[in-house]
Amino acid sequence: MTDTIPQLNSYDDAALETAFTTLADEVHQQGAELTNAEAQENFRLHWLGRKQGRLKLISDAWLKSAPVEARKPLGIRFNQLKQQIEAALEAPVVAASSSGMQGIDISLPGAVRRPGIAHPLLSTMHEVVRVFHHLGYSTNLGPQVESDFYNFEALNFPPNHPARDTQDTLQIAGQQVRPSRDRLLMRTHTSPVQIRTMIAQAPPIRIVIPGKVHRNDAADATHSPIFHQIEGLCVDTNITFSDLKGTLDHAMKALFGSAVKTRFFPSFFPFTEPSADVQISCIFCGGSGCRKCKHSGWIELLGCGMVDPAVFASVTEERRKIDPADDAYNPEKISGFAFGMGVERIAMMLHGVSDIGQFYSGDMRFLEQFA
């Protein structure tokens, strides 16, 4: 193999074409002689060696004296030459593998491609959403990175509410220069989509909102900093708490069986008034009492309530920025209810899983149980 550096007396297209054609012919001729691993390695070092490789030496020699306008076409041609060298190195490997190919033995069993399945959290989410689709609800989605306005302010969370504390909420860095309502954070619930939907759409509304949420929670058997929620919103004329109870009772029976009973206890949520916690009769013992229901016969599953008029007022304020006469969410004319449930909690109950972390571990031994 020659080590001399060709002379390049001119940098016009014709001279470059001649010089690089000569080098390409040389690569092609030498590449045809690569019959073993030793010859391939010598060829590679000769052309592509990091310090004394011929391609590098030629590049350095030609680029030093090249005018500025010629450096770009030179670089392009050197890259093309490098690709030709690499192709010459790969050609013997391809030829060897091709020559060693054998015909397909049709008497052997075929390779079985195992079909994939939905993750248990995803399948649970779809099952819950499907129940509400049968009730006439549609699905709405929203961003996971939300503004303070949609995540808190419009939902009647005052500035000093505990849910705004950094122990619960993951804030996006570098937001101090923004107005408070525009500061970004990882949404702590899917409720912001309720606000976005009402601002964009007049009643009637019946939606469910599945999605991922984030909180600064320590991971343990029942908590995770990332989890999934399904929330629902119904807004129309003459919506009452009885409608809420009937809707959730039907949904729980559709999910856990017709024998399941529901009961409601007073609770507090800033965006609903009145608010309630919903319990279902234990699906493991039928309500007689066991370890999983702490011998009470009941399991708390979700929260709900009638939409607070303060939420409608926030929506109206935003809608009136577009239409000052907008009165679609006047609480004297309409009412509504909202509810929210954790997907992981439902999945753990349905499948008898005791540790929420198993859903995120990626352990195929665990996930294969749901195939």
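The secondary structure of the protein chain comprises 11 helices and 9 strands, where helices (H or I, at least four residues) and strands (E, at least two) are DSSP runs numbered from the N terminus. The model is predicted: local features need pLDDT of at least 70, side-chain atom pairs count only at pLDDT 80 or more, and totals for chains, interfaces and linings use all residues. Residues are numbered from 1 along each chain as its sequence is written, and side-chain values use heavy atoms, with hydrogens and water left out.

The C-alpha trace spans about 90 × 65 × 35 Å along its principal axes. Among contacts (heavy atoms within 4.5 Å) between residues at least 6 apart in sequence, 67% join residues at least 24 apart.

The count of disulfides, defined as pairs of cysteine sulfur atoms within 2.5 Å, is 0. Cysteine 234 is in no disulfide, and the nearest cysteine sulfur, in cysteine 304, is 13 Å away. Cysteine 234 counts as buried because its relative accessibility is 3%. The sulfur of cysteine 282 lies 3.6 Å from the closest cysteine sulfur, that of cysteine 285, which is too far for a bond. Cysteine 282 is also buried, at 2% relative accessibility.

Conventions: Buried < 20%, exposed > 50% of the residue type's maximum accessible area, 1.4 Å probe, protein only.
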